Amino acid sequence: MSLSLCLVNYQKPAKGEEKFKLPKWAKAPSIGVALHVVDDGSVVETLPLDNVFRYYMFGRYPTCPCEAGKPIRLKHLTLSRQHAVIVHAEAEAVYIIDLDSAHGTFVGSERLQPYSPKLLNNGNTITFGDWERKFLVRTFPIGDRLFDPSDISLSRKLLAGMTVTCDEEDLETEDAETRLHTKLNSVVSYPSPKGKNKKKRHSFCFPSGSQT
């Protein structure tokens, strides 16, 4: 459940003011949030966004005007100095706001309107500017740890609604479960190989709300 959009509007700052001011609806995190950073089909980093901070600012040189925020520096030429913010709200809601960036912020294929909050959902993909890296949104109950490759229960919660494929050899080793869930944790669907040496592949689908 999320707040009404009329409650999370955001007014564009006047000329000369800070690009971002903490809105009244910003709250301490009520849901666990992390971003999986995907580069060339592999998760290269995971950014937790669910500690004490109410918002996180992204950009080449992000600055946070108050202690309620945390800057996250992203090094790419198409990002603005203060590019976008992700803000926690009540009722387990999380919003992203583009700060009138030069090259835009995208959720999926949608380019965000500057200073117009966009509700984020589990599985959304964020793109900053023209950067090829994708930022995959994962949400989970507040207080849960980031999932461990050997923790099938928590993996299923975070991968709800996604289909992941893996090679048959990943199911034939003594450490098969760990290897499989390592791949599941990458949240990447590996394309089937072509040619004479292609391997038999298996798909695993975790429906939304699945329980173990």
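Which residues does Ile97 touch, not counting residues up to four places away in sequence? They are Tyr10, Phe20, Trp25, Ala84, Val85, Val87, Tyr115, Ser116 and Pro117, where contact means heavy atoms within 4.5 Å.

Before going on, a word on the background. This is a predicted model, in which local features need pLDDT of at least 70 and side-chain atom pairs count only at pLDDT 80 or more, while totals for chains, interfaces and linings use all residues. Residues are numbered from 1 along each chain as its sequence is written, and side-chain values use heavy atoms, with hydrogens and water left out.

**Ile97 and the sheet**

Ile97 is found in strand β6, which covers residues 94–98. Strands here are DSSP runs (E, at least two residues), numbered from the N terminus. With a relative accessible area of 0%, Ile97 is buried; buried means under 20% relative accessible area, exposed over 50%, and partly exposed in between, using a 1.4 Å probe and protein chains only. Pro114 is 17 residues from Ile97 in sequence, and their C-alpha atoms are 7.0 Å apart in space.

Strand β6 belongs to an open sheet of five strands with mixed pairing, in the order β4-β3-β5-β6-β9. Two strands pair if DSSP finds at least two bridges between them. At the edges are β4 (69–73) and β9 (118–119), each of which pairs on one side only. Strands β3 (residues 55–59) and β4 run parallel and are joined by five bridges. Within this pairing, Phe58 stands opposite Ile72 in β4.

**Aromatic rings**

A pair of aromatic rings is described by the distance of the centres and the angle of the planes. Rings of Phe, Tyr and Trp (its six-membered ring) pair if their centres lie within 6.5 Å; planes under 30 degrees apart count as stacked, over 60 as edge-to-face and the rest as tilted. The structure holds eight aromatic pairs. One of them is the tilted pair of Phe20 and Tyr55, with 4.7 Å from centre to centre and 50° between the planes. Phe20 lies in the segment before β1 and Tyr55 in strand β3, so this pair ties together parts 35 residues apart in sequence. Phe20 is buried at 1% relative accessibility, and Tyr55 is buried at 0%. The rings of Phe53 and Tyr56 are edge-to-face, because their planes stand at 75°, with centres 6.1 Å apart. Phe53 is partly exposed at 21%, whereas Tyr56 is buried at 0%. There is also an aromatic cluster formed by Tyr10, Phe20, Tyr55 and Tyr115.

**Charged residues**

The structure holds two salt bridges, each being a side-chain nitrogen of Lys or Arg within 4 Å of a carboxyl oxygen of Asp or Glu.

| Salt bridge | N to O distance |
|---|---|
| Asp39 and Arg133 | 3.2 Å |
| Glu110 and Lys118 | 3.0 Å |

Asp39 in strand β1 (residues 32–39) and Arg133 in the loop between β10 (125–128) and β11 (134–140) are 94 residues apart, linking distant parts of the chain. Asp39 is partly exposed at 28%, and Arg133 is partly exposed at 22%.

Asp50, in the loop between β2 (42–48) and β3, is buried yet has no salt bridge. The nearest side chain of opposite charge is Lys70, 9.2 Å away; Lys and Arg count as positive and Asp and Glu as negative, with His and the chain ends not counted. Leaving aside neighbours within four places in sequence, Asp50 is in contact with residues including Pro29, Tyr56, His88 and Phe140.

Key: Helices (H or I, at least four residues) and strands (E, at least two) are DSSP runs, numbered from the N terminus.
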